[in-house]
Amino acid sequence: MESRLFKLTRPEVEEYLKENDTILLPLGSTEQHGKHMAVDTDAFTAQEISLRVAQKTGVLVAPLISYGYSPHHMNFAGSVTLSFRTLVNVLKEVCGSLIHHGFKKIVIMNAHGGNTNSIRLALKEIEMETGVRVYSVMVYPSKTGFGAEGTKVLTQEGGGHACESETSVGLELGHRILMDKAEKWKPEYSSISDSDRGKVNAAYMFDEYTSIGNLGDPTIATKEKGKVLVESVVNDLAEFIEDLKKR
Ligand SMILES: [Zn+2]
């Protein structure tokens, strides 16, 4: 079955809507991912995980939103950011269009932590303005989220960006990764004082944590770990979608 909305004709979309009202909306970012991963890492992951979940559940996938909220990466070349309000509006207008046509169960498949606050505001405003509840999930496996079981293969300390986890997922998904350029991050906080670290919020830039652009240890990433991580998160997400379809 073709699960990409944008590859269907209008009558095919009408046919789908007679029986279904669920659609996945992949949301990524365009931002640097260290020396070994491409700037479209989050966009690529959002798209690929969404397609795998769609294949398991028979739902459609809307066109990928490949720009996100990434001002903290702007000291690194290749990063592109939307403003906070622009991202909120993009999400509201895309979801609003889908709702207009009868998609009542929309799930934002997010691959970038920096998008979280924009998504939250968009979800709140969409629900207040249309009465439709839109959902958002993280497509990367995490210890406290979907794919938690899979994260048991990880052994790095720290992480969270172009790290053992994200790199392994990318290897499994067939992303462009230069493993010989991967570097282990040694904690460095160029302008954050020891006493403030972890306790004080400020508009810190990403290069204040890492001059190489990644966190964690991507040098120990493997395709095998990626397979475990991806299968785990895809299975959990598919379970959520099946449950949502019945509501
Ligand atoms: Zn990422």
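Before I go on, the ground rules: residues are numbered from 1 along each chain as its sequence is written, and side-chain values use heavy atoms, with hydrogens and water left out. This is a predicted model, where local features need pLDDT of at least 70 and side-chain atom pairs count only at pLDDT 80 or more, while totals for chains, interfaces and linings use all residues.

Helices here are DSSP runs of H or I with at least four residues, strands are E runs of at least two, and both are numbered from the N terminus.

Back to the crossing. The α2 and α5 axes come within 11 Å and cross at roughly 55°. The axes are lines fitted to C-alpha atoms, for helices over the stretch in contact, and angles run from 0 to 180 degrees between N-to-C directions. That makes α2 and α5 oblique to each other, given that under 35 degrees is roughly parallel, over 145 roughly antiparallel, 65 to 115 roughly perpendicular, and the rest oblique.

Who makes the contact, meaning heavy atoms within 4.5 Å? From α2 we have T41, D42, F44, T45, E48, I49 and R52, and from α5 there are E166, V169, E172 and L173. By class, that's 4 nonpolar, 2 polar and 5 charged residues. For the classes, Ala, Val, Leu, Ile, Met, Phe, Trp, Tyr, Cys and Pro count as nonpolar, Asp, Glu, Lys and Arg as charged, and the others, Gly among them, as polar.

Now, which protein atoms hold the zinc ion as donors? They're NE2 of H33, OD of D42 and OE of E166, at 1.9 to 2.1 Å from the metal. A donor is an N, O or S atom within 2.8 Å of the metal (3.2 Å for Na, K and Ca), and water is not among the atoms, so sites may look incomplete. Along the chain, the zinc donors are spaced H-x8-D-x123-E. D42 sits in α2 (residues 41–57) and E166 in α5 (residues 164–173), so this pair ties together parts that are 124 residues apart in sequence.

Are those two buried or exposed? With buried meaning under 20% relative accessible area, exposed over 50% and partly exposed in between (1.4 Å probe, protein chains only), D42 is buried at 2%, and E166 is buried at 6%.

Staying on α5, L173 lies in that helix too, and L173 is buried at 8%. Leaving out residues up to four places away in sequence, L173 touches F44, T45, E48, I49, R52 and V230.

Last stop is α4. S118 is in this helix, residues 116–130, and S118 is buried at 0%. G131 lies in the loop between α4 and β4, and G131 is exposed at 59%.

Terms used:
Contact = heavy atoms within 4.5 Å.
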